[in-house]
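Subject: Structure handover and notes

Dear colleague,

I am passing on the structure we spoke about, and my notes on it follow below. Please read them with the coordinates open beside you.

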Amino acid sequence: MGVEFPLRVLLIGNGGREHAIAWKLSQSPLVESIIAVPGNGGTATCPKVTNDTSVSAEDFPALLELARKNNINYVVPGPEAPLVAGAVDFFENAGIKSFGPSKKAAQMEGSKTFSKDFMKKHNIPTAAYENFSDYDKAREYLDRVQHDVVIKASGLAAGKGVIIPTSKAESHKALEDIMKNKEFGSAGDEVVIEEFLTGDELSVLTFSDGYTIKSLPPAQDHKRIGEGDTGLNTGGMGCYAPTNIATPDLVAQIDRDIIQPTIDGMRKDRMPFVGTLFTGLMITSTGPKVLEYNVRFGDPETQTVLPLLSQDTDLAKIMVACSEGYLDSILIKVEPNYSATVVVAAGGYPESYAKGDEMSVQTPPEGINIFHAGTKLADSKLVTAGGRVIAASATAAQSLRAAVDKAYEGVKLIQFNKMYYRRDIAHRAFKPTADTKEALTYAQAGVSIEAGNQLVERIRTAVRSTKRAGADAEIGGFGGEVDLSKAGFSSDAPIMVGAIDGVGTKLMIAQAMRDHTTVGIDLVAMNVNDLVVQGAEPVMFLDYFGCSKLNPENAAAFVESVAAGCRDAGCALVGGETAEMPGMYKEDDYDAAGAAIGVMRPGDRLPRHDAMAPGDVLLGLASSGVHSNGFSLVRRILAREKLDYASPAPWIPSSSSSSSSRSTTTGDALLTPTRIYVRSVLSALPHLKGLAHITGGGLTENVPRMLPKHLAAEIDVAAWTLPPVFAWLRRAGNVEPAEMARTFNNGVGMVAVVGAADADAVSKQLEEAGETVYTIGKLIARSDGVAGCVLRNLESWS
C-alpha cells in the first residue's frame, strides 16, 4: 500500500538535524502535521510540529502506539541509532511507511568493519585497512605498520569514535582506550585500523530509492573543537557549502565512481538503500576516497544544505519518492547560493559541560535560521540540554564570505552562560592557493595612487597662484620651502622648509590595541623624514589631535609619543591643537596630523640635480617595518585571513619573540614605529646628491621624485632580503610584486644617491650612525618611455 497524502509525520530525534528536517517538511503543502519525539526547543515552536516526550525514542512499540493514536502515516527516523536498530523494518511491518534504510542496509554505518569489507568487495576507493576484535593482534599490527593510521571503533559512537593519533605512543593509547577501557562502550569491541589519508574532506548527502541517486552540493564540516582544526573531535562545530574544491568534474566523478557503485552494490547484496546516504570523502592526490558512510542526514551538514533547496523543492515529495521507488521522476532544484552553519556549544564540550542553563534566542532576520539541538523547554523557559546546543545557519547569493558573516550575525542572537563557538568556520575556503586566491591591490583596499597623482595635477594651477617672493609654490616634492633671503629678510637668512602629514589607517590598529605609545613617533617620522630629504634640519613640530570625545589618557599617551619622536629628530614640540568634535568620529577613535618646520642653507639643498650622473650609486637604508603606509591593504589582508591583532604575528617565529613566553602579537608587530633617519642622514649630507623617503607609492613612485627628468633609477630588489612581514603580506594577499613595490617600503625606508667614488665611505658613515645600508642600484640615462624607477628581479619576491 502506497503512502497517502496529506502526511502526518512521526519525526524521531532531538538534534539540530531533526529541527532542520522539521523546518523544511513544515513548508510542504503535502504535510499536515509532525510529531517530534522527543524534539527540542526549536521543534516546539516550528509550524505544524508538536513535541511529545511521553514515550522514548528508543521504545518502538510505544512509538507505534503513539503513531496509531495520532493517525501517523509516515515515519522519519533522524539519528543513526533507531535506523541501525531496525526502525524502518518495524514500522513498515506494522503498515506505516518510513524514510530510511532497512536494518540490514543500516549496517553500513552500524559497523565500520562491515562497510570497509563492502568497499573492498565492490572496488570502491578507500584507505587500506585491517579489522580487529583481538586487542593483542591489533597492537602487533600497530607495531608492524610504518604509515600513519586512523583508529575507528567499529560500532556507533555518536560520531566520536574516530581517533587520529600522531605517534606510535598515541596509537597504542587510543587502541587501549577503545578496546580495553571501553571508552565508547561496546562500539569498541571491534576496531578498524586504516591508513591515514591526507587531502581535503568533503561530505555528500545523497537521496536514493535503491536505484536512482540525487546528490546535494558537497559540504565541508569542522570536527575539531578548536580553531584551526585543533583539539578534540566533536559531532561537528560548523559547516559550509558549496566548497571551492568541489568542481563539477569532481562532483560527477564522486557520483560515478563512488556513490552510484555503492547504491548498485547494496542492491546486488540484497540490501537496497533507501533514504539519505551520507558519504564522507577525502580528496587525495590520487582522487576521492571514502572515509565513512552514514545512513542518514549528517549533522551539521543538514542544517547547511537543506536551506539551499529552492522554495518549490518539496522535501516531503522527495522522501516519499525514495520510499516508493520513483525518485527519478522528482526534480530537485538547488539555488545557486552559499550556505554556512556555526554551531554553538556548551562550555566544556566535548568533555564535561553544564545542562539546564537558561538561554535566550532572538528572532532572526530573513536569510538566517536558528536550528536548535541540545535545547528544551522547561517550565516554559528555553534551557540548554546538550553539548552542541544550537546553531546559526545563513545563506547568501553574493559569496561564501557573505554567508559566513551572516551566520556569525545569527550567533549574536543567541545568549547563554559559557557558550562557545569556533570563529573560523570555512577558514579552509578562505585560504586557497596562490593560483586561486584573489590578488589584492592597494586600490581594492580603497586607496588609489593614481587618484592622488591626478589630484596633484588638478590643483597645481591653484597652488601656483599663491607664489610670492622666496616661494615658487610648486608641489609634488617631499615638502615646501621659502627662501627667507629672497622674501625680504636679511641676505644671510636661511631657507625655511615645511612638511605636513598624518599617520593614516595605522591609527586604527593603535585604537584597536589601545596602544597609543608609538603612533606619535610615526607622525613625527613621516614629517621630519620628508624634511631631511630636502637637506633641511628639523627645528620645530606642531601636532593636531581630533576626536569626538576627549579621552585624556589616550591623548596624553599620544602626545608623549610625539615628544619621543621629536627628541629623536632633534626638534622642539612647540605647539598643537586638540579638537573635540562630537559626532565626527566613533567612540574613542581619533585622527592626527602634524607639521614639521626645518631650516637649511642653500648649499645643503637636495636634490642636487646638476651633480647627478649615470653610474651614481643608490644606497638603501633599512626600514624598521611597514612604517606608516599601506595599512589599508594590510588591514584588508588581515581581514581576509581572519587574523586579529591579538593573534601571534605569523611572520615572527615564536622562538624569535622576546624572552618572555608571550608571542609578539600581530598588532604589536605592526605598531613598530617608523624609523627616523634625521641624525644619520644629516651627518652624511655633504656627500649626498639626493634622498627619497619611501612612503605611500613605494619605491616606484618615490624614487623618481628626487631625480631629474633625464635620469632614472635602476634598482635590483634582490640586493636585500625582503623582510618577513612583507613576504607574509605578499603571500597572504597574493599581492603582485609590482604592486608590493608601489605600496610598501619592502624593507628600504630611505634611498640615497651618491657618487660611485663616495659609495663605500658614505655607507660606512651611515652604518656608524646606526643604519643598515644596502647597495641597491644605480642611476641610468632615461630615454622616452622609460619609467623613472626600473625594478629588476621582482620575481625574487615571489
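This is a predicted model: local features need pLDDT of at least 70, side-chain atom pairs count only at pLDDT 80 or more; totals for chains, interfaces and linings use all residues.

The secondary structure comes to 23 helices and 35 strands, and the C-alpha trace spans about 115 × 60 × 50 Å along its principal axes. Among contacts between residues at least 6 apart in sequence, 75% join residues that are at least 24 apart.

The mixed sheet and its helices

I begin with an open sheet of 5 strands, in the order 25-26-29-27-28, whose pairing is mixed. Strand 25 (480-483) and strand 28 (572-580) stand at the edges with a single partner strand each, so one side of each is left without a neighbour in the sheet. From one strand to the next, the twist averages 15°.

Going through the pairings, strand 25 and strand 26 (residues 495-502) are antiparallel and share 4 bridges, with G480 standing opposite G498 in strand 26. Strand 26 is in turn joined to strand 29 by 8 bridges, the two running antiparallel, and here I500 stands opposite A595 in strand 29. Strand 27 also pairs with strand 29 in the antiparallel sense, over 10 bridges, and the bridge partner of D543 in strand 29 is G594. Strand 29 itself is mostly covered, in that 8 of its 11 residues are buried.

Helix 16 lies across strand 27, strand 28 and strand 29, and runs at about 165° to strand 27.

The crossing of helix 15 and helix 16 is right-handed. On the side of helix 15 the contact is made by V519, G520, I521, L523, V524 and V528, which meet F558, S561, V562, A564, G565, C566 and A569 in helix 16. The residues of this contact divide into 10 nonpolar, 3 polar and no charged.

R675 and I521 are 154 residues apart in sequence, whereas in space they are 8.6 Å apart, C-alpha to C-alpha. Leaving aside residues up to four places away in sequence, R675 touches A525, N529, A622, S624, H627, G770 and E771. Is R675 buried, partly exposed or exposed? Its relative accessibility is 29%, and R675 therefore counts as partly exposed.

Helix 17 (residues 631-640) and helix 21 (residues 724-733) form another crossing, their axes coming within 10 Å at an angle of roughly 60°, which makes helix 17 oblique to helix 21. This crossing of helix 17 and helix 21 is left-handed, whereas that of helix 15 and helix 16 is right-handed. In the contact, V634, I637, L638 and R640 in helix 17 meet W728, L729, A732 and G733 in helix 21. The residues of the contact of helix 17 with helix 21 divide into 6 nonpolar, 1 polar and 1 charged.

Strand 12 and strand 15 (residues 238-241) pair in the antiparallel sense over 2 bridges, and D221 stands opposite C239 in strand 15.

With best wishes

How values were computed
Residues are numbered from 1 along each chain as its sequence is written. Side-chain values use heavy atoms; hydrogens and water are left out. A crossing is left-handed if the near helix is turned anticlockwise from the far one by less than a right angle, and right-handed if clockwise. Contact means heavy atoms within 4.5 Å. Ala, Val, Leu, Ile, Met, Phe, Trp, Tyr, Cys and Pro count as nonpolar, Asp, Glu, Lys and Arg as charged, and the others, Gly among them, as polar. Two strands pair if DSSP finds at least two bridges between them. Axes are lines fitted to C-alpha atoms, for helices over the stretch in contact, and angles run from 0 to 180 degrees between N-to-C directions. Buried means under 20% relative accessible area, exposed over 50%, partly exposed in between (1.4 Å probe, protein chains only). Angles under 35 degrees count as roughly parallel, over 145 as roughly antiparallel, 65 to 115 as roughly perpendicular and the rest as oblique.
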